[in-house]
Amino acid sequence: MELFDNPKHRTYFIIALLVISSVFMFWIRIIPLQNLGSGDVFSLVQPDDPVYALRQIDLTLANFPNYAWFDPMTQYPVGSTVYWGPLLTYLCSIAAILVHATTPSAIITVALFIPVLEAVAMVPVMYWLGKTVADWKTGLFAAFMIATVSGQFFFRSMYGSLYHHIGETLFSTLFCLLYLYTLIRAKKTKIVLSDLSTYKEILFFAILTGIAFFAGVLNIETIIVFALIAAVFTFVQAVVNHHRSISNLYLALVNTVVFGVVILGLILFGFKAQGLGLAVYSAGPVISYGLLIAATIFLWLWSDYLNGRKKYYYIASLAAVAVLFSAALALLFPALFLDFTNGLAGFFGQAPIITTVSEDIPWSLARAWSTFNYGLILAAGGILILLWQTYKKEEQGEVFVLIWSVVMLICTVQRIKYEYYFAANVALLAALCLGSAWELGAGPVINGLRSWFGKSQPGERTREAIGGPVKQEKQKKGGKAAKAKKDPHVQSDVPSIVIFFAAVILAALFIITSVMANYAMSSNDTGAMNPDWREALGWIANNTPDPGVNYYEIYNPQTFTYPSGSYGVMSWWDYGHLITYIAHRIPNANPFQAGVTGPDGAAAYFMETNESAANTILDHDGTRYVVTDVEMDTGKFWAMATWYSLTNASATPGSYQLALLMPDPSDPSEYQSVELNEPLYYRTMISRLHNFDGSMATPDSAYYVEYSDPSVTRTSLPVMTNAKTMNASDAISAAVQYNGQAQPGYHAAALSVQLSSPITVIPALQHYRLVHESPTTEFSTNTTDIKYVKVFEYVKGARIKGSGIIEVPLVTNTGRNFTYRQESINGEFVVPYSTTGTTTDVRANGLYRIEGTSTTFDVPESAVEQGLTIT
C-alpha cells in the first residue's frame, strides 16, 4: 500500500488514527454529562472516594497552594491522616483556577474532566509502548485496544468518577514505557563511565523515567509495586546477561539514575508519615529504592567479578546472598522487614474483611470475561508470543513485559479493582498478538485481493506486511491473462491467513462488546448520588449544631484539639465522606475503612444487641447523631457483621441470618436460595433503629423451618425439608422440641423474613429518638413503612416513675404515624421524645400514657436533653 511507503504519509496516518481514538475515548466517557441536561452535576459524582476528592479540592482552593495531610472533619474524635498524594487534587484545583470556576457546581464540572483526560492520555502512551516493544502497527493496535477496554479502567475514568486510580495507570504505564525505552537504548550503547558523552543520552531518558515514576508517587505511593517489578526484572535480566557474557553496567546506571531521581524527589517533598510504611510517604520507600539501587550495583560488580568462571556460580551465589540479606534485615531492622513483608501481603494478599469492599473482592473468571471478553484470548496469544520470542531471542523487552503482566495479573486476581492496572497489560498483549497475526497474514491476504482484482502480479508480496520493500517476480507471457492462475504463495500461506482472520475477528468482537458495555454504563441515567441520602444530609447540615471545626481550614495534627461542643455522626463507613462533604459534619467512620473495627468501631456499634454497651461506644466516640439506611439493614448487613465478627458473619445456623436451599415449587428437583433472619438479627442496633424506630416490638408470626446440613445432603447450603407459618412463640417451642430429639445433621429453627416481624420481644431503646427520615418508602408492611434513610439523635432521655408499658403517638416529617412504646425497667421509664418544646421534625401527637391506665405525662424538651425526672 503506497500510503505506508512514504514515512511522512505514514506519520500523518498514525496521528489521524490516534486522534480519532482519543476523541472517541473522550466522547464515550462524558456521555453522563451530555445526558445530564439541566440537572445538578453533583448527582453524577460517585458517592465514596470521589466525594472526598471534592472535599480535598475545596480545602486546597481555599488555602492554595497548601495541601491538607490531616483532616479533623472525618473519623471523630481523632481525625484522619491523608495517605495518598496531592497530584489529582492539584490538577483539579489548578484547572478550576485556570477556567475561573468558583461555584461548587463549576468546580465539580471541571474536576470531573481530569480522570477522563488522564484516560485519553493513555492512547499515545500505549502507542509508543507498543512501538517500543514491537513496531508501529503493534503500537496502533495497543492504542485501539486501550481506547475501548471496559471494566474498572472505564468505570474509574468515566465522567463522575473522580478517582486517583486512572492516574496510577497512566503514570505507571508511562514509567514502564520510558524505563523499557531507556534500557533498550542503554543496552545498545557502549558505556564508558569516565566518558560522559557515551551515556549522556541515557542519563537524559533515565531522568525522564525517574520523573514519570515520581509523578506516580505524587499520585499515590502504591506505585512502589512497579519498583518491585523493576527489581524482579533487573534480577532476571542480570542473570541472563551474565549467562550471555553481557555487562550489567547499563542496568546499574539506569536503575541508579531512575530511582535516585525518585529518592531525591521524596526527600525534597518531605516525609508525611512516621515509621517505615511502604504505602505512605515515609522513609520506608526511600530505603526500599536505595536498596534497589544497591542491589543492582552489586549484581553488576559481582557479575564482572565472576566473569570467566562457571556460569552457575553467579545464580548460586546470588541465592545465598539473598537468603543471608533477608535474615540480616529481619534481625537487624525488624521494623523495616515487617513493613516490607506486610506491604507485600497487603498488596497481593486477601483478608476476609476486605471481601466486604466491592472493589477488593477476588477476580472471578466470569468477571474477567465480562471485562476483557475476547481480548483475553488475544492477550493469551500475546503471552505465548512473548514466551516464544524470549526463548528464541532473549530480548529484555519481552522479559520486562512478561514480568510486568504476571505481577499485575496476580494483583487483579486478588482484588478486582486492579483491573485498571491490568487493562494496560491486556491491551499491550492483545496488540502483540494482533501485530504478529498481521505480520503473518496481512501480506498474503492483501496480495491475494490484489491478484483477484487484477491490481498486482501473481507472486507479488506486500512490503513487510504493508511497510517494507516489494519483491516482484517477472510476469509470465500472457500479461493479465496470467491472473487467472492460482497464486502458489497464497495457497502456501493458508495457515497464516487463518490466523490473521481469527485475530481480526477476535479484535472486532472485543471492540464491539467492550464499546457496547461502556456505552451502556455511561448512558445509565440513574444518578450516582442517592437522592434520599442527599436529602437527609442536607437536613443535617441545616438542622444540627455546628461541630465547631472550620470546614475550610487546614489544621496541624500536632496542635489541633476538638473544641468543646464538637461531636461525631455514627453511620456505616460507606457514607462517611458524604457526611463530611454534604452535611459538613464529622463522621465516626469513613471509606478509608477508618473507625470501623475494634470495640468502639461502627461495626461493633451496629451489631451490638445491648443498648448499654452500644451507648458506651457512642460515649467513647463522642457521637450525637446516628444515621441508618435500608442497605445497612439488608444488603450491607453481612458486610457489617463480617467486620464485627467473622464467627457470626456468615449466614449459618446460630448467626444473624440463615441461608437455605428451598425446593422449587414448580420443579422439586431444583433449588432456590433463600435467606431468613434469626432472632439475633432483630436484636442488633441497626435493626432496632431502622426497622422499629427504637420502639418496643412484639412478635406475631414466624416460620417454623426444618433443614438438613450440607454434610447430609451434599449441597453447598443446608436444605429446607419442611416449613410452615406459626405463631412466633409456638415456632420457637416447636424448634426446641425438634432439636431435642433430632438425628445428627437435622435441625429446626424459628425464622422470619420480614424486617418488621421479630421472633421475640424486642425492648425499646431509651436514648434514641428519630428526628428525620427521607421521603422514599423502601418497604411497606401492615404495621409500618420503612423509609430509606433515618436520622436518630442520641439523648439522655427523661425519666418517669411507673410500671407497665408507656406509649406516645408520633408523626414524622414525611407524615408517617407511629407509636413509640417502652416497657418499664425497675419501676422506671427513660423516654427519648418530648411532647412540648420539640425542636426536631418528628413530633408527638399527644402525651405519654401508661397503657391500660389514664395516667399521662407531659415531657418537655429540656427533660429529654438533660435527663431530668418527670414528676
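This is a predicted model: local features need pLDDT of at least 70, side-chain atom pairs count only at pLDDT 80 or more; totals for chains, interfaces and linings use all residues.
The protein chain comprises 871 residues, of which 53% are buried, and its secondary structure amounts to 34 helices and 21 strands. Among contacts between residues at least 6 apart in sequence, 71% join residues at least 24 apart. The accessible surface was computed as about 37100 Å², with 61% of this area belonging to carbon and sulfur atoms. The structure holds 0 disulfides; of its cysteines, Cys92 counts as buried because its relative accessibility is 1%, and Cys411 likewise counts as buried because its value is 0%.

In soluble globular proteins, nonpolar side chains tend to be buried together. In the present model, the largest nonpolar core has 122 residues, and those with the most contacts inside it are Trp572, Tyr605, Phe606 and Tyr768. The element that gives the most to this core is helix H25 (residues 602-607), with 6 residues. When residues up to four places away in sequence are not counted, Tyr605 touches Met570, Ala614, Ile617, Leu618, Val626, Met685, Leu689 and Tyr768. Apart from this core lies another, of 120 residues, which includes Met25, Leu292, Leu429 and Ala431.

Helix H7 (residues 122-133) has 12 residues and reaches 16 Å from its first C-alpha to its last, close to the 16 Å expected at 1.5 Å a residue. Because 9 of the 12 residues of H7 are buried, this helix is largely enclosed by the rest of the structure; the buried residues are Met122, Val123, Val125, Met126, Tyr127, Leu129, Gly130, Thr132 and Val133. Helix H12 (residues 224-243) has 20 residues and should span 28 Å at 1.5 Å a residue, which agrees with the 29 Å that separates its end C-alpha atoms. The buried residues of H12 include Ile224, Val225, Phe226 and Ala227, as well as Phe233, Gln237, Asn241 and His242. H12 is followed by Ser245, for which phi is positive, near 60°.

Cis peptide bonds occur in the model at the following positions. One joins Phe64 and Pro65, with omega of about 5°, and Pro65 is found in the loop between helix H3 (49-63) and strand E1 (70-71). Another joins Tyr76 and Pro77, with omega of about 10°, and Pro77 lies in the loop between E1 and strand E2 (80-81).

Positive phi values were also computed for asparagine residues. Asn373, although not a glycine, has a positive phi of about 35° and is placed in the loop between helix H17 (365-372) and helix H18 (375-393); Asn373 counts as buried because its relative accessibility is 2%. Phi of Asn826 is positive, near 55°, and this residue lies in the loop between E16 and strand E17 (828-831), where Asn826 counts as exposed because its relative accessibility is 80%.

A further loop residue, Thr812, lies between strand E15 (805-811) and strand E16 (817-823). With a relative accessible area of 6%, Thr812 is under the 20% cut-off and is therefore buried. The side chain of Thr812 makes a polar contact of 2.7 Å with the side chain of Glu773. Leaving aside its neighbours within four places in sequence, Thr812 is in contact with Leu770, Glu773, Phe818, Asp841 and Val842.

Note on methods. Residues are numbered from 1 along each chain as its sequence is written. Side-chain values use heavy atoms; hydrogens and water are left out. Helices (H or I, at least four residues) and strands (E, at least two) are DSSP runs, numbered from the N terminus. Buried means under 20% relative accessible area, exposed over 50%, partly exposed in between (1.4 Å probe, protein chains only). Contact means heavy atoms within 4.5 Å. Accessible areas come from the Shrake-Rupley method with a 1.4 Å probe; for residues, only the protein chains shown count as cover. A disulfide is a pair of cysteine sulfur atoms within 2.5 Å. A polar contact is a pair of N or O atoms within 3.5 Å; within protein, one must be able to donate a hydrogen and the other to accept it, and residues adjacent in sequence count only if both atoms are side-chain atoms. A nonpolar core is a set of buried Ala, Val, Leu, Ile, Met, Phe, Trp, Tyr and Cys residues joined through side-chain atoms within 4.5 Å. The expected span of a helix is 1.5 Å times one less than its number of residues.
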